[in-house]
Amino acid sequence: MENHRPFALSLAGFDPSAGAGILSDIKTFEAHDVQGLGVCTALTYQTADDFIGMNWMSADVVTAQLLPLIEKYPLNALKIGIVENFHLMSNWIGLVKGFFPTCKVVLDPVFRASAGYDFHNETSIKWLDKVLQSVDIITPNYKEMEVLANGGDPLKKAKEISHSTHVLLKGGHNPTEKGNDILIYKGKETLIEGKEIDIFEKHGSGCVLSSSIASNLAHGHSIEKSCRLSKAYIEDFLMSDESKLGQHTFIKNHD
């Protein structure tokens with residue numbers, strides 16, 4: 001039987017706990033009725049509570065995983081998690097875009113594990129400006145935007161970046177808009193309000209939100225609608241149970 005579901009690919013790390021990275025993204029894609037594909041950029045050693053270490057996949061290995069997939073399957077969306085450096089990321093986005101120029105690209109810029117492991121150095125971050133020209137939306141939290149601001153104002157930096165791409169500044173760590181996300185494009189802010197609910201901290205919540213956005217974009221929704229739908233999805237995920245590993249709920253209606 002022919003598959004009529006849209007395709008989305010996760011370019012991300014492998015988390016054995018399945019709370020973050022490729023496994024988490026695939027679960028999110030499936031919950032949104034999207035056919036999920038995955039390319040592993042790193043093997044991590046972690047649980048939902050502790051990040052122990054990791055090994056990067058070589059650029060050749062990542063490319064070897066990616067090429068057969070894009071030669072066979074029509075990608076509607078690409079979600080990117082941890083990648084060793086933004087120079088390589090730019091090359092892989094270019095490869096995907098060469099096959100599928102209209103493929104939507106969602107970048108979840110993970111700079112640092114909660115245990116203190118740094119994924120990028122200053123030289124790598126300098127390549128981000130080039131990457132931003134080829135992504136549709138970047139989804140940093142407030143702390144990640146502080147890294148990009150390099151001591152400056154995070155919101156001001158987000159507005160600066162928004163002239164290259166959409167920025168969803170997540171509200172989880174925002175001291176002034178706690179729980180509310182701000183979608184910014186060309187300097188214009190659109191508030192995406194969160195519900196006044198009790199939530200439970202979840203490992204990999206950023207991965208779930210960004211892969212939910214990628215899923216909604218794969219279904220043809222606009223950037224803003226995709227962010228609003230994904231806000232509702234992540235809130236349900238955060239309330240799903242009291243553990244660090246949440247439960248996904250299948251989305252039946254994509255209108």
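**Salt bridges, surface and interior**

Me: Does lysine 244 count as buried, partly exposed or exposed?
Reply: This is a predicted model, and its accessibility values are computed from it. A residue counts as buried under 20% relative accessible area and as exposed over 50%, with partly exposed in between. Because lysine 244 has a relative accessibility of 27%, the class for this residue is partly exposed.

Me: With which residue does lysine 244 form a salt bridge?
Reply: Side chains of opposite charge can pair when their charged atoms come close. For lysine 244, the closest N and O atoms of the pair are 3.2 Å apart, and the partner is aspartate 49.

Me: How many residues apart in sequence are the parts that lysine 244 and aspartate 49 tie together?
Reply: Aspartate 49, which counts as exposed at 55% relative accessibility, forms a salt bridge with lysine 244. Lysine 244 lies in the segment after α9 (223–238), whereas aspartate 49 lies in the loop between β2 and β3, so the pair ties together parts whose separation in sequence is 195 residues.

Me: In which helix do arginine 228 and glutamate 224 both lie?
Reply: Arginine 228 and glutamate 224 form a salt bridge, with the closest N and O atoms 3.1 Å apart. At 38% relative accessibility arginine 228 counts as partly exposed, and glutamate 224 counts as partly exposed at 34%. The two residues are 4 residues apart, about one turn of the helix, and the helix that holds both is α9.

Me: Which residue forms a salt bridge with aspartate 33 at 3.8 Å between the closest N and O atoms?
Reply: A salt bridge needs a side-chain nitrogen of Lys or Arg within 4 Å of a carboxyl oxygen of Asp or Glu. The closest N and O atoms of this pair are 3.8 Å apart, and the partner of aspartate 33 is arginine 5. The pair links distant parts of the chain, 28 residues apart, with aspartate 33 in the loop between α1 (21–31) and β2 (35–46) and, in the segment before β1 (7–14), arginine 5.

Me: Which residue is linked with Arg5 and Asp33 in a network of salt bridges?
Reply: Arginine 5 is partly exposed, with a relative accessible area of 23%, and aspartate 33 is partly exposed as well, with 28%. These residues belong to a network of salt bridges that also includes Glu30.

Me: In which loop is lysine 186 found?
Reply: Lysine 186 has a positive phi of about 55 degrees although it is not a glycine. At 47% relative accessibility, lysine 186 counts as partly exposed. Its place is the loop between β8 (181–185) and β9 (188–192).

Me: Which residues form a nonpolar patch on the surface?
Reply: Isoleucine 52, in strand β3 (residues 51–56), counts as exposed because its relative accessibility is 66%. The patch that includes this residue has about 370 Å² of accessible area together, and its members are Phe14, Leu43, Tyr45 and Ile52.

Me: With which residues is serine 24 in contact, leaving aside its neighbours within four places in sequence?
Reply: Serine 24 is found in helix α1. Because its relative accessibility is 1%, serine 24 counts as buried. Leaving aside its neighbours within four places in sequence, the residues in contact with serine 24 are Ala18, Gly19, Gly204, Cys207, Val208 and His248.

Me: Which elements give two or more residues to the lining of the largest cavity?
Reply: A search of the whole structure finds 1 cavity of 30 Å³ or more, and the largest cavity has a volume of about 40 Å³. Its lining includes Ala59, Val62, Leu88 and Trp92. The elements that give two or more residues to this lining are α2 (59–72) and α3 (86–99).

Me: What percentage of the residues of the protein count as buried?
Reply: The protein has 9 helices and 9 strands. Of its 255 residues, the part that counts as buried is 52%.

Notes: Residues numbered from 1 in each chain as written. Predicted model: local features only at pLDDT ≥ 70, side-chain atom pairs only at ≥ 80, totals over all residues. Heavy atoms only, no water. Patch = residues over 30% accessible without salt bridge, like charges linked within 9 Å, V, L, I, M, F, W, Y side chains within 5 Å. Areas by Shrake-Rupley, 256 points an atom, 1.4 Å probe, with all protein chains shown as cover. Buried < 20%, exposed > 50% of the residue type's maximum accessible area, 1.4 Å probe, protein only. Contact = heavy atoms within 4.5 Å. 1 Å grid on protein atoms, 1.4 Å probe; cavity = no way out; pocket = protein on both sides within 12 Å on 5 of 7 lines; lining within 4 Å. Points joined across faces, edges and corners; volume = space filled by probe spheres on them.
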